[in-house]
Amino acid sequence: MEKIVINRKLAIWKLILGSLALVLGVISLFSSFKGFLLIGMGVFLLLTEGSEFDFKNGFYRKTKSILGVSLGSWKPIPKIEYVSVFKTNENTTLRSRTAEANVSKEIIKLNLFYDTNKKIEAYSTYKKCDAFEKAKQIASFLNTDILDATERESKWL
């Protein structure tokens, strides 16, 4: 396996609602143009972000995927110094006419560092074990180290 595809998992409710919206949107296009609204909602619910690495040819790309179809432009993989797994917060702002609330959720990110401080954001997940599994796959192909920055004290693996 010389190609790794990493996509954020899609929640089952998003898969069901998004697929339903796409089907209903296509069906309703035969009677009116309001079907485009449902199709847009379906695409929004089914859209996932990720990365794809082709180690055989030395390229990577950031992808946006809908039901397994990925889009993104290929770029050459630079000389990666190390793979970093770290914790951060993902913030979402919820607004209504009279109120606003910020919701923060802990997320684990996987970055590939090169040229001292430049990075490729490869993956994000809510599960620590999932992030380390992907980091080990990538690090083994690139023959590089993994920095575990999920705890207060960072350590090399």
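**Notes on a strand and its sheet**

I started with V103, which lies in strand β7; strands here are DSSP runs of E with at least two residues, helices are runs of H or I with at least four, and both are numbered from the N terminus. This is a predicted model, where local features need pLDDT of at least 70, side-chain atom pairs count only at pLDDT 80 or more, and totals for chains, interfaces and linings use all residues. Residues are numbered from 1 along each chain as its sequence is written, and side-chain values use heavy atoms, with hydrogens and water left out.

Leaving out residues up to four places away in sequence, V103 touches E90, N91, T92 and L94 (contact means heavy atoms within 4.5 Å).

Next I checked I107, found in β7, residues 100-114. I107 is buried, with a relative accessible area of 2%. Beyond residues up to four places away in sequence, its contacts include R8, F86 and Y126.

Then I looked at the sheet. Its 5 strands form an open, mixed sheet in the order β8-β7-β6-β9-β10 (two strands pair if DSSP finds at least two bridges between them). The edge strands, β8 (118-125) and β10 (155-156), each pair on one side only. I noted that β9 (residues 145-149) and β10 pair antiparallel over 2 bridges, and that D148 has K155 in β10 as its bridge partner.

Key
Buried < 20%, exposed > 50% of the residue type's maximum accessible area, 1.4 Å probe, protein only.
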